Amino acid sequence: SKEKAFSVGIPPHYCFAMNELKNSLFWQNCRCKGWNTLLSNLMVTTETDSMVDSEKFDKMPWLQEYVLGMGHEVYGFLAAEEFYGASLASITCEAYQRTGICIFAAQIGGRIEPAPLRKLKSVGADTVL
């Protein structure tokens with residue numbers, strides 16, 4: 001419980017109750033259908049080949065779309081040395097052209113910043129994208 005965590009000296013901003021998290025996710029999914037699916041697909045890698053029967057897959061367009069969406073996951077990475085000093089905009093374009101990767105955020109000063117094109121002047125060895 002949160003109270004036990006507080007009593008042993010864990011700061012409040014590091015604590016949460018699992019029941020609160022589950023309830024929050026449940027209610028958010030009620031407000032926005034598909035929220036839990038989106039969230040879990042962003043955090044979990046799944047091999048889809050073994051999950052889907054090919055006969056059913058061909059007959060169900062919604063299943064094809066769902067399985068395609070399962071491949072969209074979020075990862076953090078450091079840029080290769082060849083990109084040090086380059087702008088985030090140029091790296092984003094190059095990454096998409098080469099591999100189809102969409103860079104949409106960067107970690108700046110320990111915080112995740114969505115689309116920090118103006119804040120991040122150049123990428124270095126310590127820039128997490």
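Tutor: From the N terminus on, the elements run α-α-α-α-α-α-β-β, which comes to six helices and two strands. This is a predicted model, in which local features need pLDDT of at least 70 and side-chain atom pairs count only at pLDDT 80 or more, while totals for chains, interfaces and linings use all residues. Residues are numbered from 1 along each chain as its sequence is written, and side-chain values use heavy atoms, with hydrogens and water left out.

Student: What makes a stretch a helix or a strand here?

Tutor: Both are DSSP runs numbered from the N terminus, a helix being H or I over at least four residues and a strand being E over at least two. Helix 3, for instance, covers residues 35-43 and includes Trp35.

Student: Why is Trp35 called partly exposed?

Tutor: Buried means under 20% relative accessible area and exposed means over 50%, with partly exposed in between, using a 1.4 Å probe and protein chains only. Trp35 has 29% relative accessibility, so Trp35 counts as partly exposed. By the same definition, 19% of the 129 residues of the protein count as buried.

Student: Which residues does Trp35 touch, leaving out those up to four places away in sequence?

Tutor: Trp35 touches Leu25, Gln28 and Asn29, where contact means heavy atoms within 4.5 Å. Trp35 and Leu25 are 10 residues apart in sequence, and their C-alpha atoms are 8.2 Å apart in space.

Student: Why does Phe104 count as partly exposed, and where does Phe104 lie?

Tutor: Phe104 has 48% relative accessibility and therefore counts as partly exposed; Phe104 lies in the loop between helix 6 and strand 1 (105-108). Not counting residues up to four places away in sequence, Phe104 touches Val74, Glu113, Pro114 and Ala115. The C-alpha atoms of Phe104 and Pro114 are separated by 6.0 Å, although these residues are 10 apart along the chain.

Student: What makes a set of residues a nonpolar core?

Tutor: A nonpolar core is a set of buried Ala, Val, Leu, Ile, Met, Phe, Trp, Tyr and Cys residues joined through side-chain atoms within 4.5 Å. The largest one has 11 residues, among them Phe83, Leu88, Ile91, Ile103 and Leu129. Helix 6 (residues 88-99) gives the most to this core, with three residues. Leu88 touches Ile103, Pro116, Leu117, Leu120, Val123 and Leu129, again not counting residues up to four places away in sequence.

Student: How do you know how many disulfides there are?

Tutor: A disulfide is a covalent bond between the sulfur atoms of two cysteines. The test used here is a pair of cysteine sulfur atoms within 2.5 Å, and by this rule the count comes to zero disulfides.
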